[in-house]
Structures are given as structure tokens and as C-alpha cells.
Amino acid sequence: MGGAFHHAAIALAQTIGFSLEERQIVLDLLKGVTTRGQSVDELHAAVLTRLGRRDFRWPEFDRWQAFFAERWKFPPLWDDLKKAPAPRSAPQARDAYQEQKLYLLLHWLQSLETTRAQSRLALARYAQRGIRAEIARQGDGAPCPVCDPMNGRQVADNAHDLPPFHPGCRCLVLGISETGPSSAARRRRPAVRIDTPARRNGRRAAR
């Protein structure tokens with residue numbers, strides 16, 4: 001599973017519950033959806049059609065779930081994943097949980113390949129034009145203990161820490177308008193270090 005889409009391949013290899021053949025199917029579907037410019041919704045539907053739902057283990061998910069639970073704040077894509085259904089829960093509840101967990105995994109895989117690459121390209125374009133860049137949160141404004149402190153943080157053209165910062169992250173890199181009323185405040189805003197599960201384990205998230 002090397003070569004192109006190696007970030008997604010590495011992340012997918014950390015899951016338990018997919019065979020090597022099934023992982024390759026997921027990667028092939030991811031490549032096709034990305035090439036056609038389709039969204040994670042199409043990818044999710046395609047994976048469900050080919051592989052069906054299943055209960056799988058995802059250590060990265062477990063770490064982030066504990067991280068958000070400690071802070072009593074979950075990002076939007078985690079709304080239905082705050083707690084796993086009890087073993088005696090209705091089958092519909094377990095199925096819905098498994099499907100949403102799979103959706104989050106696929107969103108993460110696609111983001112590792114597309115969002116981070118787009119962020120690097122955006123930084124390069126802004127640097128060539130002499131435009132500052134910053135992290136910008138997207139979504140409905142629901143709180144996120146990881147992305148909230150990053151929102152508005154300036155990033156340099158050689159930045160290493162770029163979105164996505166966690167599974168379900170919707171942050172982007174955008175240019176800063178120097179004529180806006182908050183431009184001076186942005187320039188003064190210091191860098192923020194977030195004690196995420198990846199940093200606790202002495203490493204950065206997969207890139």
C-alpha cells in the first residue's frame with residue numbers, strides 16, 4: 001500500500017478489522033473519489049456498498065475520543081460518537097454508530113491526502129504573493145478544544161503543523177486581509193501548543 005496516498009495507507013494500516021484486500025479496496029475507492037473531485041459522502045456510500053458496515057478498532061479514534069471526553073467537548077463529526085453503544089443496545093443503534101465511525105475514518109483518510117496537500121499549495125501561493133496566511137475554522141461554530149485555539153493562528157510558508165489536526169477537523173489555510181479590522185490582532189497572536197494525544201505519545205500525527 002505504498003506510493004501515492006501513503007499517508008492514508010499508513011493511517012488505514014493502524015485499524016483492526018479490515019483485511020489487506022479490504023484496505024486496498026478502500027484506498028482504491030479513495031483514489032477514485034479524490035480524482036473525480038467527489039466528497040466523503042460518495043466515498044462512504046461506495047465503501048458501504050463494497051464492504052458493508054462492520055465493527056472495527058481504530059486506536060487513533062480511541063485516543064481522540066478520550067481526549068474530547070475529558071474536556072466535555074466533541075467536534076461536529078463526533079456528535080454521534082461520544083460513547084459506544086452498550087452491548088445490549090438495539091441493533092439499529094450499533095449499526096448507526098459503526099456507520100458514523102466509518103464515515104469519520106474515511107473523512108480522516110481523505111483529509112490526510114487532500115486538505116494537507118491543499119494547505120501546502122495555498123501557503124506556497126500566498127508566500128509568492130507576499131500574503132500572510134492563517135488557520136481558519138470551518139463549520140457551524142460548535143466548540144472544538146483543538147481547533148478553537150488554532151483559529152486565526154498565523155502560519156509560515158514552511159509550516160509543518162497544518163490541518164487536519166484531528167479526525168473530523170475542518171480547518172483550512174486562508175490568506176489574511178491586511179485591511180480587515182482584526183489584522184493587527186492577528187499579527188500579535190502567538191503560536192499555540194495543544195496537548196493532543198499525538199503529542200502526548202511523543203510524535204506528531206500522520207502526515
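Two strands pair if DSSP finds at least two bridges between them. Helices (H or I, at least four residues) and strands (E, at least two) are DSSP runs, numbered from the N terminus.

The model is predicted: local features need pLDDT of at least 70, side-chain atom pairs count only at pLDDT 80 or more, and totals for chains, interfaces and linings use all residues. Residues are numbered from 1 along each chain as its sequence is written, and side-chain values use heavy atoms, with hydrogens and water left out.

**Exercise 1. The sheet**

Give the strand order of the open sheet and the pairing of its strands.

Solution. 
- Step 1. The sheet has 3 strands, in the order E2-E1-E3, and the pairing is antiparallel.
- Step 2. Count the bridges. E1 and E2 are joined by 2. E1 and E3 are joined by 4.
- Step 3. Find the edges. They are strand E2 (154-155) and strand E3 (172-175). Each has a single partner strand, so one side of each lacks a neighbour in the sheet.
- Step 4. H6 touches E1, E2 and E3, where contact means heavy atoms within 4.5 Å. The direction of H6 makes about 15 degrees with that of E3. Axes are lines fitted to C-alpha atoms, for helices over the stretch in contact, and angles run from 0 to 180 degrees between N-to-C directions.

**Exercise 2. Residues of E1**

Solution. 
- Step 1. In E3, Gly 175 stands opposite Ala 133.
- Step 2. Buried means under 20% relative accessible area, exposed over 50%, partly exposed in between (1.4 Å probe, protein chains only).

**Exercise 3. Two helix pairs**

Describe how H2 packs with H3, and H5 with H6.

Solution. 
- Step 1. Two packed helices are described by the angle and the distance between their axes.
- Step 2. The axes of H2 and H3 come within 10 Å and cross at roughly 150 degrees. That makes H2 roughly antiparallel to H3. Angles under 35 degrees count as roughly parallel, over 145 as roughly antiparallel, 65 to 115 as roughly perpendicular and the rest as oblique.
- Step 3. The residues that meet include Ile 25, Leu 29 and Val 33 in H2, and Leu 43, Val 47 and Leu 51 in H3.
- Step 4. H5 and H6 pack at an angle of about 25 degrees, with their axes 3 Å apart. That makes H5 roughly parallel to H6.
- Step 5. Gln 110, Ser 111, Leu 112 and Glu 113 of H5 make the contact with Thr 115, Arg 116 and Ala 117 of H6.

**Exercise 4. Leu 12**

Is Leu 12 buried or exposed? Describe its surroundings.

Solution. 
- Step 1. Leu 12 lies in helix H1. Its relative accessible area is 0%, so Leu 12 is buried.
- Step 2. In H1, His 7, Ala 8, Ala 9 and Ala 11 are buried too. The buried residues of H1 pack against H2 and H5.
- Step 3. Leaving aside neighbours within four places in sequence, Leu 12 contacts Arg 23, Val 26, Leu 27, Leu 105 and Leu 109.
- Step 4. Leu 12 and Trp 108 are 96 residues apart in sequence, yet 9.6 Å apart in space, C-alpha to C-alpha.

**Exercise 5. Backbone in the loops**

Describe the backbone at Trp 72 and at Pro 164.

Solution. 
- Step 1. Trp 72 sits in the loop between H4 and H5. Its phi is positive, about 55 degrees, although Trp 72 is not a glycine. With a relative accessible area of 78%, Trp 72 is exposed.
- Step 2. Pro 164 is in the loop between E2 and E3. The peptide bond from Pro 163 to Pro 164 is cis, with omega near 10 degrees.
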